[in-house]
Amino acid sequence: MEDDLDSSDDVQLSSLIDGKRAPRQPDKDTADDNDVDRRIIIQRPLELETSSSLDVKLQKRRRRRRFNRFVKLFVSLAAVLLIIASLYWRVLPVSREQDTSGTMDCYPPGTMDCSKKDAVEDEPNPPTLPDSIKIFYPPQTQQEIEALNAELRKFSDPIITKEEFFSKTTLPPPPNYPDFTYTSDLHFTPKRTALLFAPGVYEGLDFEVSYYTSVLGLGAVPSDVSFTNCDKGPHVDAINKYTTRPPNGSGLDTFWRSVENIATNPRYGMRWAASQAAPLRRIHVQSDLLLFDGDAWASGGVLANAIVDGKVNFGGQQQYLLRNVDLKQGAINGAWSLVFVGCTGETPSENNGLKAGPSISVDSFPKLRIEKPFITMRENGEFELRVPSVVFGQSNNDVLGSQFGGEEVRNFTGVKLGVPSTDAADNYLTLQKALDEGKDLVLSPGEYPLAASLEVKHPNQVILGLGYATLKAPLNGLPCIRVHPNIPGVRIAGIMLEASVLTDHIPSSSLLQWGIQGMDDVGDKENPGLLSDIFCRVGGASYDRHVSTDVMIELHSGNIYGDNLWLWRADHVKLHPGEEANFPHISPYYRQTVMGECQVRNGMKVYGEAVTMVGLFIEHTTEDQLIWEGDKGYVAFYQCELPYDVDQSYADKSFVGYRVGSDVESHTARGIGIYSNFRDFDVNVATAISHPESAGIVMNNLFTVYLDNQGKINSIVNGKGPGAVSESDRGRPFRCSDNTCSD
């Protein structure tokens with residue numbers, strides 16, 4: 001509403017009181033050439049009016065003016081109140097004070113006030129599932145068992161039979177070769193799959209778990225989904241048995257597959273002959289667990305939050321991490337390094353490996369533990385997102401989630417199920433909208449190119465990938481995910497992060513960034529952040545070998561818990577159609593990465609305080625693999641391969657596999673292995689590990705291994721400890737522990 005009197009009215013009224021004439025300014029909205037008469041009338045001689053009439057007119061106009069000002073003030077106050085109310089209701093739903101009451105169905109997750117549910121639109125529950133998610137139900141008849149077995153084998157790796165393979169040669173098939181072998185044909189496929197099993201008993205099912213496939217039980221506890229009366233159940237055998245060290249095959253490249261939240265009781269034990277990015281998690285193995293297949297090589301993995309009723313047999317696994325596993329009958333074998341964190345039952349004794357056997361590192365009483373979130377299904381078909389509570393310290397029953405302190409149960413009405421698009425902008429806008437609304441994200445299997453970083457701004461928010469959901473980095477070098485500083489309790493799990501071919505370059509590109517460089521953020525020690533089953537790769541699946549990033553993960557915030565991370569610069573990549581392998585004696589299936597391809601300087605940089613990593617794998621980056629600048633860091637199990645394709649300049653610049661910054665006063669690490677395989681040049685690295693010589697730096701069970709080819713690592717840590725000197729040292733670990741080193 002506008003006042004009838006403007007400043008020109010005041011001028012004219014004062015002129016009238018003085019008995020003078022003053023021209024009134026024309027009305028700007030209506031003054032034009034046709035208003036001459038109106039202006040003449042307005043400007044008529046007013047001094048003919050009496051003094052009393054002027055007083056009356058002035059009083060009326062002043063009352064009207066006061067009234068108009070009152071109305072304007074009222075409207076302004078009302079507008080301010082509306083804005084405050086809007087901000088209040090917008091901010092309130094994402095205020096996430098951590099819930100400690102146990103099971104809740106309120107939205108947003110982590111709040112106590114269910115009235116906030118209407119603040120944003122609910123997601124459907126159950127959600128509409130894409131084709132990349134398959135749900136199975138317990139078979140009731142033999143016919144249903146056979147049909148389900150046939151369906152599940154569609155999601156196994158392709159096989160080739162002995163007859164098919166040897167029909168292409170003039171050689172007769174050797175008698176000791178197996179009748180068939182699984183192959184690595186899907187090693188770089190874009191296909192992703194999650195196989196979900198509703199609660200119940202599954203009899204007679206035997207199926208191999210393929211690349212980029214997750215087997216997920218939907219029960220509240222592993223025994224809710226039980227595989228019984230089977231030979232192998234879900235399993236992984238060695239692959240390529242006719243071509244890789246035949247007839248042994250290999251587990252070295254058996255990556256990117258998982259089994260979670262089931263119980264299984266196979267007659268011949270559960271076989272899982274896999275390597276990196278292939279975790280077994282939240283399972284109950286009711287027989288033996290076989291982490292090998294004959295004499296096939298395998299390069300390490302993770303078993304977490306589990307019970308094994310029989311023996312755990314590592315076979316020839318180079319290294320392995322067991323975290324919070326109840327070992328009913330102990331563990332045997334293994335090659336170089338075994339790490340046990342928070343394990344119960346018949347846990348092996350600590351062993352530095354200086355005399356014989358693998359080194360065994362034991363932390364029986366870890367200070368902190370955070371389990372990966374998981375999904376469950378109610379009897380009515382609705383889904384839930386379960387977020388296990390943070391655990392401080394250790395208890396005797398510290399396995400299988402619900403037995404160690406409960407978990408928050410979040411209704412899927414507050415969870416956005418992401419479905420991938422080929423449109424990077426569409427992926428970003430859809431997923432970011434849900435994050436901004438305070439919702440959790442569950443990403444269905446597939447590849448998600450991103451136009452910009454997904455920004456996590458709300459405490460206790462979850463991003464959970466199913467079936468190796470893969471986020472592809474924005475083309476301008478921004479990270480796939482950026483967690484804002486001072487945001488506690490964020491959980492990011494089950495996701496692959498993949499580098500892109502950059503069309504622009506920011507000063508420091510990365511795939512995941514937590515916090516902001518230079519900003520003080522110690523995190524929340526009572527509500528730490530979580531990175532669980534995070535698998536980064538630079539190169540491999542792309543035909544373009546110019547994919548790059550500067551660093552894979554940067555952690556600027558403190559109090560973050562890492563649980564099974566593999567940060568991989570690809571040492572081998574997909575062949576173009578018709579392209580021949582450049583090192584066919586190494587592998588006829590892939591191109592081996594050479595200098596200038598798939599560039600990434602560092603795997604991880606840690607600047608935050610009190611960061612914990614339990615199960616960290618970093619491989620092949622072109623400078624320091626790991627840089628740790630934050631105080632009070634803790635690492636249990638570290639596996640690292642130096643790059644294959646660098647020259648002596650790599651060593652001349654003093655790059656290492658594990659670097660603790662010169663200003664760090666406190667750092668603890670155990671079970672640290674760093675390997676060399678300088679394929680293209682004779683490279684002599686001075687030392688594998690560099691850290692300040694300080695009483696606050698404690699490192700146990702450190703070792704190096706000369707895997708193959710040229711060059712060597714001359715010492716283990718800070719110039720101390722032996723290194724390989726000849727071909728005869730190939731595959732032999734050289735060790736240091738508690739300032740004692742092997743000869």
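This is a predicted model: local features need pLDDT of at least 70, side-chain atom pairs count only at pLDDT 80 or more; totals for chains, interfaces and linings use all residues.

Me: In what order do the three strands of the antiparallel open sheet stand, and what does the twist average from one strand to the next?
Reply: The order of this open sheet is 24-25-27, and its pairing is antiparallel. Strand 24 (374-377) and strand 27 (407-411) are the edge strands, each of them pairing on one side only. From one strand to the next, the twist averages 35 degrees.

Me: Which strands stand at the edges of the open sheet of eight strands?
Reply: The eight strands follow the order 31-33-35-37-41-43-45-48, with parallel pairing. The strands at the edges have a single partner strand each, so one side of each is left without a neighbour in the sheet, and these are strand 31 (454-456) and strand 48 (689-690).

Me: Which residue of strand 48 does Arg-659 stand opposite?
Reply: Strand 45, residues 658-660, is joined to strand 48 by two bridges, and these two strands run parallel. In strand 48, the residue opposite Arg-659 is Ser-690.

Me: Why is strand 49 described as largely enclosed by the rest of the structure?
Reply: The reasoning rests on burial, where a residue counts as buried under 20% relative accessible area. Strand 49 covers residues 697-706, and it is largely enclosed by the rest of the structure because the number of its ten residues that are buried is nine.

Me: Which residue of strand 51 does Phe-703 stand opposite?
Reply: Phe-703 lies in strand 49, where it stands opposite Gly-673, and nine bridges join strand 49 to strand 46 (residues 667-676) in a parallel arrangement. Strand 49 is also joined to strand 51 (residues 733-737), by four bridges, and that pair runs antiparallel. In strand 51, the residue that stands opposite Phe-703 is Arg-735.

Me: How many residues apart in sequence are the parts that the pair of Asp-708 and Arg-730 ties together?
Reply: The side chains of Asp-708 and Arg-730 meet in a salt bridge, with an N to O distance of 3.5 Å. Asp-708 lies in the loop between strand 49 and strand 50 (712-713), while Arg-730 lies in the loop between strand 50 and strand 51, so the pair ties together parts whose separation in sequence is 22 residues.

Me: How far apart are the closest N and O atoms in the salt bridge between Glu-597 and Arg-591?
Reply: Both Glu-597 and Arg-591 are buried. In the salt bridge that Glu-597 forms with Arg-591, the distance between the closest N and O atoms is 2.8 Å.

Me: What is the count of salt bridges?
Reply: A salt bridge is counted where a side-chain nitrogen of Lys or Arg is within 4 Å of a carboxyl oxygen of Asp or Glu. Salt bridges also link Glu-260, Arg-281, Arg-323, Arg-369, Glu-371, Lys-372, Asp-533 and Asp-563 in a network. By this rule, the count of salt bridges comes to 43.

Me: Where is Trp-256 placed?
Reply: Trp-256 is not a glycine, although its phi is positive at about 55 degrees. With a relative accessibility of 1%, Trp-256 counts as buried. Its place is in the loop between strand 9 and strand 10.

Me: In which strand does Tyr-468 lie?
Reply: Tyr-468 has a positive phi of about 60 degrees although it is not a glycine. Tyr-468 is also buried, with a relative accessible area of 5%. The strand that holds Tyr-468 spans residues 462-472 and is strand 32.

Technical notes. Residues are numbered from 1 along each chain as its sequence is written. Side-chain values use heavy atoms; hydrogens and water are left out. Buried means under 20% relative accessible area, exposed over 50%, partly exposed in between (1.4 Å probe, protein chains only). Two strands pair if DSSP finds at least two bridges between them. Axes are lines fitted to C-alpha atoms, for helices over the stretch in contact, and angles run from 0 to 180 degrees between N-to-C directions.
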